[in-house]
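Here are my notes on the model you sent over.

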2 protein chains.
Amino acid sequence: MSRTWNQYVVKQENKTLVLTTIMNHTPISRANVAKITGLNKGTVSSLVSELIDEKLVEESGPGKSSGGRRPVMLLFNGNAGYSISIELGVGYILGVITDLKGKIIEQDTIQLQTTHFNTIFPIMINLIKGLMEQVPKSRYGVIGIGVGVPAVVSRDGEILLAPNLNWKNVELKSKLENIFNLPVYIENEANAGAYGEMRYGSSQNSHHTIFASIGIGIGVGMILDGKLYHGLNGFAGELGHMTIEKDGKTCRCGNRGCWERYASEQAVIDEAIKRGLVTADQVEPFEQLIQLANDGNQAVIDLFEEIATYIAIGLTNCINIFNPEHVIIGNRLMRAKEWIYPIIESYILEHAIGFHQNKLKIDSAKLGTYSTISGMAAFTIEGFLLDQKRNHA
Amino acid sequence: MSRTWNQYVVKQENKTLVLTTIMNHTPISRANVAKITGLNKGTVSSLVSELIDEKLVEESGPGKSSGGRRPVMLLFNGNAGYSISIELGVGYILGVITDLKGKIIEQDTIQLQTTHFNTIFPIMINLIKGLMEQVPKSRYGVIGIGVGVPAVVSRDGEILLAPNLNWKNVELKSKLENIFNLPVYIENEANAGAYGEMRYGSSQNSHHTIFASIGIGIGVGMILDGKLYHGLNGFAGELGHMTIEKDGKTCRCGNRGCWERYASEQAVIDEAIKRGLVTADQVEPFEQLIQLANDGNQAVIDLFEEIATYIAIGLTNCINIFNPEHVIIGNRLMRAKEWIYPIIESYILEHAIGFHQNKLKIDSAKLGTYSTISGMAAFTIEGFLLDQKRNHA
DNA sequence: GGAGTTAGTTTAACAGGTAGACAAACAAAT
DNA sequence: ATTTGTTTGTCTACCTGTTAAACTAACTCC
């Protein structure tokens, strides 16, 4: 509840302040760190020497002089440890190793034919084990495991509800922690995507970002005041089930007129089948449609444009609700970007309130299909650094 | 940007920690403050004695012994200063004096016939001056002025857009600061309402609260992770203009199917006139309708129930978006609570996602018509205390 | 009335940050 | 080649505020 402050906290905070300054400005001299942070030069010196002892920071040769003694440049050591991140999708598992800078070192994908937990779980364990063997030797080794899932996740890492996987109440975090004895982070796929884009992607420095992950369904990750928003117990961001048409199409959630019934990959496919643009037995109907649009099929392009309008309606709602600085559209539907993006942009421009007063940017995910997994890496890395901070004086 | 930590900051933080502990647990002993905060007894003693010097805390006689020396009970001194809060509505100005506990000491209302800024502003100034003369003598006197407005307010207190008043780009904060030479706080009416309910009303201790102010239009104030959410530049919370019916009724915002076209006081009135339940030249049509419903007029009750469903649709969207702990419905439409509330509750229960897993409470505003003004008082008081913290070592 | 408890103050020790002095290392001007 | 001035990084003396522990005060209970 209440937090007491004393000299230890002061040191912890200043030390992480120095570390993050080095991370964000690498390479940088001690003198410059002192200038940026406002800390005394001596304080910076002593904190940096501790960070060097912990192998989180290293010195690289002398930098350029600006009319005096040449500075010793400091680097954040991205190789002090490595994170393992997993993205669990419908039909695939993607696993990667990243360094502490979030850079992907190694990756591996497995296609799945089922969504059964009992089948998938062992496959995932094997994937993780395989990755762990490839992790380079380092001071801290594997610092943690992050898993992004298309699900509602509770604050303590339990999967409460994963409609597209048909999972319910799976205690994924504790299961994995028991097996690997490492810190495990579980997060919703859209939330992780939002975080990934904020840390490594197109919305760095933006404190108000809405990340709409439009795939089979729609999930929305929200960075509000610089922090990921979860709501009371992880259900926040279910904007796919926002009503945009009262008495509209029925949805499996029990409601009617839900946004994702009009604006998702599934919505595209349903409508395409209804219009005879693809057949129901097609293996990859969405890819087929992209192909057809590429070939100039006007009926398909029209369909994309209709869907785009529905996407835009929902996004306009988001903008009116959150007044974000940045709206990012990610996941598979953006493969049809060419046809849908212009429609979305012009609709929002015309319909969002006070648009002219907002410095709103609308983008597709810069990290592409790596938004989520990068976000999971970020969670894992930041969790590790937080742990260091707490344990190491 | 970056915040440095040193012993002064530690003291500031601990001092406010002690103060807020006393505020929240008043009356309380030094020993108990130490226990709750985790601070050393000696530290608490010295900080308390400073707070007593500053007249923010006072000792009240000895408390009950629990088997040893009797404690000296400490009280937060609500009378060290007073705030002045104004609610600027469509058709009225409400002004109050509150003490530092947010208790209303004095109040005054003025009915308005116009919305012209040049007419209203001098009236407001006079109202404030009148209130200032009634403020009791105290250590800090009038600590600040807070004004709640039905408008989009920028972070620096400029009224960007007030559709119901027909104002645009009014620098209210600086105007008032120049006149009174006091700290001035300007905030959107729904935001202030949300804050008021969190501080003094029905959602105390709730960190995720949605406050829907349903009057002529709809504004929503959002407490997310314990903090009021503004968005990038104050436009957040324009949920009144969330599309709930694609291609629905046109709205003055330029959009179609906006929530407030279906679920506000104006929507009730429009529909009632259309159905011949009241005439267009009625002075207080909404009051008239309440009266009719009270008299058992079924057509009016039916109308309220229809409107309630629309309110519920929008609120369900809010719940799916924010996963709040608490949804509060405030402002004038709740005068028809008797007929609309049961409908709202049952609709949400049936349609919100994962409702059973959420410990969601739905309430009407406990502070009634004082939500907004109490919120403004809270802003002013907290701003004052923050200032004290910064200036007074 | 003594033993045990609880409340609040005082004291010395300690940790960590700051200011400022200092040496080292360099650029630019003479 | 010197001289001058600047920048970097370390070191020392000092200061602030928290803590632990001793201590005084005041009370309850047997």
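1. A definition before the overall shape: the radius of gyration is taken over C-alpha atoms, and the globule rule is 2.2 Å times the number of residues to the power 0.38. For the 393 residues of chain A, a compact globule would come out near 21 Å, and the 23 Å of chain A agrees with that. The C-alpha trace of chain A spans about 70 × 50 × 45 Å along its principal axes.

2. Some ground rules. This is a predicted model, where local features need pLDDT of at least 70 and side-chain atom pairs count only at pLDDT 80 or more, while totals for chains, interfaces and linings use all residues. Residues are numbered from 1 along each chain as its sequence is written, chains are lettered from A and ligands numbered from 1 in the order in which they are written, and side-chain values use heavy atoms, with hydrogens and water left out.

3. Chain A has 12 helices and 16 strands (DSSP runs numbered from the N terminus: H or I of at least four residues for helices, E of at least two for strands). Of its 393 residues, 57% count as buried (buried is under 20% relative accessible area, exposed over 50%, partly exposed in between, with a 1.4 Å probe and protein chains only). Taking contacts in chain A between residues at least 6 apart in sequence, 61% join residues at least 24 apart (contact means heavy atoms within 4.5 Å).

4. Now to the interface. Chain A and chain B each bring 59 residues to the contact. About 5,000 Å² is buried between the two chains, with carbon and sulfur atoms giving 56% of this area (buried area is the accessible area, 1.4 Å probe, that two parts lose on being put together, summed over both). Trp5(B), Leu232(B) and Lys246(B) supply 14% of what chain B buries against chain A, more than any other three residues.

5. In chain B, have a look at helix H12, residues 371-391. Its 21 residues reach 30 Å from first C-alpha to last, close to the 30 Å expected at 1.5 Å a residue (the expected span is 1.5 Å times one less than the number of residues). H12(B) is mostly covered, with 16 of its 21 residues buried.

6. Finally, Arg261(A) sits in helix H7 (residues 260-263) of chain A.
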